[in-house]
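This briefing goes through one protein model, topic by topic. Look at the sequence and the structure first, then read the points below.

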Amino acid sequence: MPLVVLCDISGSMQAYTRMFLHFLHAITNDRDRVQVFLFGTRLTNVTRPLRHRDVDLALRQVSATVADWSGGTRIAATLAEFNLRWSRRVLGQNASVLLITDGLDRDAGTGLSVQAERLRKSCRSLMWLNPLLRFEGFEPRAAGVRALLPHVDHFLPAHNVDS
């Protein structure tokens, strides 16, 4: 089954970015049909650089490819770009989507619900890994989190290797 990963690399995700990149490198090298996109304020396809067997070289190539490390987050705009430019190409054959983000959006969720709904209708399942779920008593207060939640099939923690 094809897998598409959309991973947030904004400033609020900085503590987890290296762990996620190692995870993405491992699944990209272990499976044939994995596509990986990173986003902060823009969307970048990093599938090709992640396919390099040497993890250090792969991460250096990814770093050279991505222009918006540790900045703001525009989840709605990047999902809109994915839906417009990439979804038909990479979501064929009943692909699942893994969204890795804390849901904190610079644009306060504007248009995010529409784009998340469109994405969900284009894939087999939409799984959201959120590092903020590590906190006991987590509540979806941020507008981005509230906009995304109705459209995901699975909402899971992702703050360490065990989770």
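## Helix H3 and its surroundings

The buried residues of helix H3 pack against helix H1, strand E2 and helix H2 (47-50). The model is predicted, so local features need pLDDT of at least 70 and side-chain atom pairs count only at pLDDT 80 or more, while totals for chains, interfaces and linings use all residues. Residues are numbered from 1 along each chain as its sequence is written, and side-chain values use heavy atoms, with hydrogens and water left out. Helices (H or I, at least four residues) and strands (E, at least two) are DSSP runs, numbered from the N terminus.

**Helix H3**

- Ala58, Leu59 and Val62 are buried in H3, which spans residues 55-65; buried means under 20% relative accessible area, exposed over 50% and partly exposed in between (1.4 Å probe, protein chains only).
- Seen down the axis of H3, its buried residues fall within an arc of 95 degrees, so they line one face of the helix; the arc is that of the directions from the helix axis to the C-beta atoms.
- Arg60 and Ala64 are exposed, on the face of H3 turned away from its buried side.
- At the N-terminal end, Asp54 caps H3 with a side-chain oxygen that lies 2.8 Å from the backbone nitrogen of Asp56. A polar contact is a pair of N or O atoms within 3.5 Å; within protein, one must be able to donate a hydrogen and the other to accept it, and residues adjacent in sequence count only if both atoms are side-chain atoms.

**Thr17 in helix H1**

- Thr17 has its place in H1, residues 14-30, and counts as buried at 10% relative accessibility.
- Leaving aside neighbours within four places in sequence, Thr17 is in contact (heavy atoms within 4.5 Å) with Ile9 and Trp69.

- Five of the five residues of E4 (residues 96-100) are buried.
- Ser96, Leu98 and Ile100 point one way from E4, and Val97 and Leu99 point the other way. In a regular strand the side chains alternate between the two faces of the sheet.
- E4 runs parallel to strand E1 (residues 3-8), joined by five bridges; two strands pair if DSSP finds at least two bridges between them. Val4 has Val97 in E4 as its bridge partner.
- Five bridges also pair E4 with strand E5 (residues 125-130), in the parallel sense. Leu99 has Trp128 in E5 as its bridge partner.

**Nonpolar cores**

- The largest nonpolar core has 25 residues, of which Leu6, Phe37, Phe82, Leu91, Val97 and Leu119 touch the most other members. Such a core is a set of buried Ala, Val, Leu, Ile, Met, Phe, Trp, Tyr and Cys residues joined through side-chain atoms within 4.5 Å.
- Among the elements that give two or more residues to this core are E1, E4, E5 and helix H4 (75-90). H4 supplies the largest share, six residues.
- A second, separate core of 22 residues includes Leu21, Val36, Leu38 and Leu129.
- Beyond its neighbours within four places in sequence, Leu91 is in contact with residues including Val4, Val97 and Cys123.

**Cysteines**

- There are zero disulfides in the structure; a disulfide is a pair of cysteine sulfur atoms within 2.5 Å.
- Cys7 is buried at a relative accessible area of 1%, and Cys123 is buried at 9%.
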